[in-house]
Each structure stands twice: as C-alpha cells, then as structure tokens.
Amino acid sequence: MAHMSKRKRASLGKTPAGADQKSGDEAATSAADMAAKDDMAHVSPDLLAGSPDIFAPKWNEPPAEPSEVVSEPVVSEAVPETATEKPIEPVIAEPVESSPIFAPGPAAPPVYPKAQAERRPGGGSSGALGIVLVVVGLFALGVVLFGVDLTQYGWPLFVIIPGLTLLVVGFVGGGQGASIPGGIVTMLGLLLAYSNSTGDWPSWAFAWSLVVPFGVGLGIYLQALRDRDLVALKRGRTLMFVGALIFMIGFVLFESILGISDMDYGVFGKAALPGLLVVIGIILLVRSIQRSRRANI
C-alpha cells in the first residue's frame, strides 16, 4: 500500500495544469476507497488456497430439472411384517400315539332319551271296547243264570257298567281315549237311572250338562290324577265346574221359576236360586282378586 501511494503522488506531480480539477476528484475518491479498505480484514491468498470457492458462479453446472410428480402414495414408515394382521389359523393338535391296549374304540352313538311310545287310537279303542263287551256279556250271563228281572228299573245298569269299565280301563293304562268316554257313559247311565226311577224326564232340559261337559271333565280329571298332570287336572276341574254351573242355572230357570216337571224338590228346590247367586258372587270375587294380583305384579 505504501508503494501505491508513492506512485500516485509521483503521477500527480507530473500531471498538467489543465487536469488539476479532474485529478483532484480522482485523488479524493481513491483516498476514500483506501480508507474503506484499511478498515476491512485482509485475508492472504494462502488461506484461501485450500477453501472452496463458494462465491464463484456455477456456469458449468446444468440447470436443475423439475422434480416429477409422484402419483403413488408415499409410505412414511416401513411397517414391519410382524405388525401386519394375519388370519389366525386354527391350531390342529397332533394325535398322540397311544399304546394299542388303551386305544379308544369306535365312538358310541349318542344316547337319546326314549320317547314314550304313542298309543295308537285304534288299538287302544278296540282293546277298551273288547273289555267292555266282555264285562257286559258276563253281567248279562249272570242276570240270565240267576233270573234277575231288570226290565223295569235295572236296565240302566247296562249303561252304567260299561261306563265304569271304561273309567277303570282308562285309569289303569288306557289313557284319555278310554277315560273320557267312560265319564260320559257313566254320567249318562246315572241320569237314566234317576229319570227311570222318579219319572222326572223333563229334567233333561237342563240335566244334559251333567253328561257334557261334566262327564268329559270327570274322565280328564281321573286320568290326570293317575298321570299327575297338573294342567290336565285343572282342565278337568274347570269342565266339571262349568257343567255343574249350567245345571244349577237350568234348574233355577226350568224348575224354580217355570216348574216344568211339577215336582217338589223340597229344600233343594227352595235354596236353588239363593245358592246360585252366592256361587256367582264368589266366582266374580275370585276373578277380581286374581286380576288385582296380576296388575300388582
């Protein structure tokens, strides 16, 4: 820098007079540049020899090509194979080899409870009918052999005895196919015996309810007692109650009010209407209590 200032000063001494103003301006400019350069840090070429030229323009490098648009989805992280869900395969246990002594035999067929054999209605009815015929035949043979006269009052026995026989057969094992007809025939024979002995045939206007449904309920009830069937037992009681209620209503209507048979039934005839009212009142009270209990539940 000292050599440069001496040269400039020598040159300024040799310049012509006409160029004084111009040389003065250049001198002022060069003095300002030199002051600025004195403030700047000087780096020797030896220090810059090993460093990369970061400020040099990259004219020889080709321009960067625009990146292509990737249409496929980018997976951010690689999922390990163990994390993927795989269908669970059933584990099949390998058969264990066992000794021939303890080797299991062929699987036994499943044992189901034996269903009760359904009784054939034809076979049961024919058997019950055969028993009835045998009993009636023996009874008739006894009447003939002993000379008993049953023509006037005893003929309903030929209806009562078959009915009782059917009830016994049904109770022993014949089922409802014998007990229900037995109840109907038995009640029919009893009503015939009453009407034949008293001459009260007009009572059949309401007495039929003692045959059906009362006789049907009697057969079901007796069979339910043997089988210990609570549902059938309740059904039999209901039918008998309905039959008795119809009989009471008919008796009050035809005997107490209309008097179709012109017979004096004594105390029973006089108490029929009050008794019927009491029975109906009890039925209504029981039904109301049952409904209230169901509503509270």
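Predicted model: local features only at pLDDT ≥ 70, side-chain atom pairs only at ≥ 80, totals over all residues.

Q: How many aromatic pairs does the structure hold?

A: Rings count as a pair if their centres lie within 6.5 Å. By that reading, the structure holds seven aromatic pairs. In one of them, phenylalanine 206 and phenylalanine 251 have ring centres 5.8 Å apart and planes at 80 degrees, and so this pair is edge-to-face, since planes over 60 degrees apart are given that name.

Q: Is phenylalanine 251 buried or exposed?

A: A residue is called buried when its relative accessible area is under 20%. Phenylalanine 251 has a value of 4% and is therefore buried, and phenylalanine 206 is buried as well.

Q: Which parts does the pair of phenylalanine 251 and tyrosine 265 tie together?

A: The rings of phenylalanine 251 and tyrosine 265 have their centres 4.9 Å apart and their planes at 75 degrees, so this pair, too, is edge-to-face. Because phenylalanine 251 lies in helix α9 and tyrosine 265 in the loop between α9 and α10, the pair ties together parts that are 14 residues apart in sequence. Taking the ring pairs together, one finds a cluster that links Phe206, Phe247, Phe251, Phe254, Tyr265 and Phe268.

Q: Turning to the surface, which residues gather in the patch of positive charge?

A: To read such a patch, one looks for like charges joined within 9 Å. Here Lys234, Arg237, Arg287, Arg291 and Arg294 gather on the surface in this way. Helices α9 (230-257) and α11 (272-296) each supply at least two of the residues, and the largest share, three residues, comes from α11. Arginine 287, which is found in helix α11, has a relative accessible area of 44% and is therefore partly exposed.

Q: Which residues form the nonpolar patch, and how much accessible area do they have together?

A: The nonpolar patch on the surface is formed by Val134, Leu138, Leu141, Leu145, Phe146 and Val148, which together have about 670 Å² of accessible area. Leucine 145 has its place in helix α4, residues 121-146, and because its relative accessible area is 63%, leucine 145 counts as exposed.

Notes: Residues numbered from 1 in each chain as written. Heavy atoms only, no water. Patch = residues over 30% accessible without salt bridge, like charges linked within 9 Å, V, L, I, M, F, W, Y side chains within 5 Å. Areas by Shrake-Rupley, 256 points an atom, 1.4 Å probe, with all protein chains shown as cover. Salt bridge = Lys/Arg side-chain N within 4 Å of Asp/Glu carboxyl O. Lys, Arg positive; Asp, Glu negative; His and termini not counted. Charge placed at Lys NZ, Arg CZ, Asp CG, Glu CD. Helix = DSSP H or I, 4+ residues; strand = E, 2+ residues; numbered from the N terminus. Buried < 20%, exposed > 50% of the residue type's maximum accessible area, 1.4 Å probe, protein only. Phe/Tyr/Trp six-rings, centres within 6.5 Å; stacked < 30°, edge-to-face > 60°.
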